[in-house]
Protein chains: 2
Amino acid sequence: MNISDIGEFGLIDRIDAVLGEPANSDLLMGIGDDAAVYRVDEQKAHVVTTDGLIEGVHFDLSFMPMEHLGAKSLTVNISDIVAMNARPRYATVMLGVPGYVSVEMIEDFYRGAKKVCDAYGVTILGGDTTGARQLTISVTVIGEAEPEKVVYRRGAQPGDLLCVTGDLGSAYAGLRVLLRQRVELQEQGESYQPNIAAYRHVINRNLTPTARLGFITGLAEAKILPHAMIDISDGLASEANHLARKGGCSVTLHEAKLPIHPQTANVARELDESPTHFALNGGEDYELLFALAPEDAPKLDPGKATVIGSFEEAGDVAEVTLIREDGSPELLVASGWDHFGGGEAG
Amino acid sequence: MNISDIGEFGLIDRIDAVLGEPANSDLLMGIGDDAAVYRVDEQKAHVVTTDGLIEGVHFDLSFMPMEHLGAKSLTVNISDIVAMNARPRYATVMLGVPGYVSVEMIEDFYRGAKKVCDAYGVTILGGDTTGARQLTISVTVIGEAEPEKVVYRRGAQPGDLLCVTGDLGSAYAGLRVLLRQRVELQEQGESYQPNIAAYRHVINRNLTPTARLGFITGLAEAKILPHAMIDISDGLASEANHLARKGGCSVTLHEAKLPIHPQTANVARELDESPTHFALNGGEDYELLFALAPEDAPKLDPGKATVIGSFEEAGDVAEVTLIREDGSPELLVASGWDHFGGGEAG
């Protein structure tokens with residue numbers, strides 16, 4: 001059977017079935033969240049995530065400088081730790097390196113990785129570097145938290161508000177700008193001058209994403225503990241579906257409330273596409289999507305997060321419904337990026 | 001600059017220079033040992049290692065069934081944890097999967113991984129599976145130990161004995177048998193009947209290596225704490241050099257004492273090569289090489305480990321000398337496997 005027949009989530013279910021139920025009383029969360037969680041002592045849990053980034057699948061070296069790649073590889077994993085409401089502490093890096101990658105390029109990669117690690121208080125523990133046919137990166141990040149402060153994908157309750165940090169769809173808008181600029185460069189040759197200024201926000205969001213560690217620190221200071229949380233790597237629609245299904249609640253999202261940066265909206269319109277589609281399905285935002293008890297809403301900093309919807313009792317199935325700006329409802333099917341087919345996942 | 005100009009160890013030094021001295025008082029060991037070590041509380045340290053295995057570099061699917069590959073990927077990382085005198089607890093797995101790998105093959109991989117994890121008390125926390133051009137595996141294993149019981153590569157003292165578990169060179173002998181059988185299969189076609197029985201030990205040592213967790217448990221029961229330890233992945237000569245340089249001691253090895261299995265010696269002779277060369281440079285043994293205080297020697301189980309040499313005060317440089325069976329000394333230069341060039345590393 002081909003993996004494309006069952007998709008990434010189908011494959012995860014198969015792996016899960018092979019592994020069975022782990023017999024480890026220290027394990028608080030195994031497969032099925034942004035990161036796994038295990039108790040290390042009475043006061044402390046550790047949170048671990050691993051993500052691979054592979055050339056031609058996750059990135060294109062022709063518009064991804066190695067220093068940005070190093071930074072992004074760490075950031076996307078740190079974001080998974082932050083999405084568990086944990087503090088990232090340690091990282092390991094495995095690099096598979098093809099012949100055309102020089103020593104200087106690897107140094108640039110680690111320069112970027114170190115900058116990010118310094119910014120988030122993460123120590124790189126080392127790892128492994130070996131030959132490979134395509135540039136392959138696997139990063140593991142370990143974080144820590146008090147066990148009762150870890151926030152999972154499950155846990156949303158009817159009546160909770162659905163909130164998101166930052167803005168949505170901009171990393172995808174940045175990708176589309178970079179792809180278009182590459183075509184223009186090929187057509188126009190050396191004389192081509194890309195318009196960077198008009199797209200600075202969206203390009204930066206694609207090349208140098210941010211993990212929202214400052215936001216969860218702020219939540220802790222405001223004594224807010226979200227009921228459920230996830231980071232947006234595959235797209236809002238996909239992640240809202242995760243929170244809905246894991247929490248056994250349905251979600252209503254309001255198109256009018258989606259935080260979309262003016263540059264994102266501009267790019268979508270230039271391409272004759274919908275800014276809302278970018279926000280729902282673009283992915284790689286690395287914003288936090290979370291379920292908030294309504295009584296905590298007044299404590300939320302409106303400059304840092306937006307209430308975009310709410311959770312309700314589910315019917316037979318937990319569903320995500322988008323209320324369009326004209327008031328019409330639309331059922332949303334998750335359609336994140338499929339890392340096997342290169343198309344949309346089921 | 002090409003990586004092959006400076007080699008794997010040169011590259012590690014470059015990466016180390018970019019990362020600089022980590023500012024983290026919980027870090028007990030960063031880059032430069034079998035695994036990194038950090039303190040999690042007063043009584044507990046965690047030990048972390050990451051290793052990549054890449055198709056065509058570390059393994060050949062034509063004689064490595066996926067279930068064995070899953071088992072081996074976990075075992076080699078577990079061995080790194082054991083070499084720190086720590087107990088392996090958790091693992092994450094990143095798989096980069098090309099189109100010709102089926103769902104069933106991935107299930108087989110995880111079946112092998114799980115068998116090993118169950119045997120060593122390790123819980124698989126999950127990981128990431130994504131597309132790739134060649135089968136790529138990155139495994140991270142996390143172990144635990146009392147901070148003062150962790151054994152590093154450094155620490156050997158003049159007068160210590162050099163000891164090794166199991167036997168040496170057999171995994172490499174197994175590789176040579178498998179390579180020869182492949183040639184014979186190509187020449188003789190379908191009628192070819194490989195002689196498995198005569199080479200069972202060496203083939204098993206290559207395809208299904210063992211991490212010596214039972215041995216370190218035995219050491220603890222015998223109240224033996226080695227002064228320094230490493231697992232043999234690149235070959236005895238290379239690892240003895242690590243213990244010598246890190247400990248600032250020279251090492252004398254006795255050819256007559258090297259534990260070599262009769263099948264290993266047979267394979268070497270069949271190929272007109274030296275069994276001692278197999279033992280010194282074969283690699284992938286995953287045996288433990290350790291420095292033992294001489295007063296602990298009587299407590300060592302002679303069925304499980306062999307004294308093969310001793311540590312002395314170093315001159316200007318820490319050196320490894322092999323005393324040949326005829327009594328002549330020979331300076332050993334580390335020559336482990338180079339994962340970039342595919343040849344011998346400098």
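Some bookkeeping: residues are numbered from 1 along each chain as its sequence is written, and chains are lettered from A in the order in which they are written. Because this is a predicted model, local features need pLDDT of at least 70, side-chain atom pairs count only at pLDDT 80 or more, and totals for chains, interfaces and linings use all residues.

How does chain B lie on chain A? A turn of 180° with a shift of 0.0 Å along the axis does it, at an RMSD of 0.0 Å, superposing by least squares on C-alpha atoms of residues with pLDDT of at least 70 in both. That is the relation of a two-fold axis. In chain B, the C-alpha nearest the axis belongs to Ser138(B), at 3.3 Å.

Now chain A alone. Of its 346 residues, 53% count as buried, meaning 20 or more other C-beta atoms, placed from the backbone, lie within 10 Å of a residue's own.

On to the sheet, with strands taken as DSSP E runs of at least two residues and helices as H or I runs of at least four, numbered from the N terminus. Six strands form an open, mixed sheet in the order β1-β2-β3-β6-β4-β5 (chain A), where pairing takes at least two DSSP bridges. β1 (27–29) and β5 (123–131) of chain A are the edge strands. Inside, β4 (residues 87–97) and β6 (residues 136–145) of chain A run antiparallel over nine bridges, and Tyr90(A) stands opposite Ile142(A) in β6(A). Thanks, everyone!

How values were computed. A residue is buried if 20 or more other C-beta atoms lie within 10 Å of its own, exposed if 12 or fewer, and partly exposed in between; C-beta atoms are placed from the backbone.
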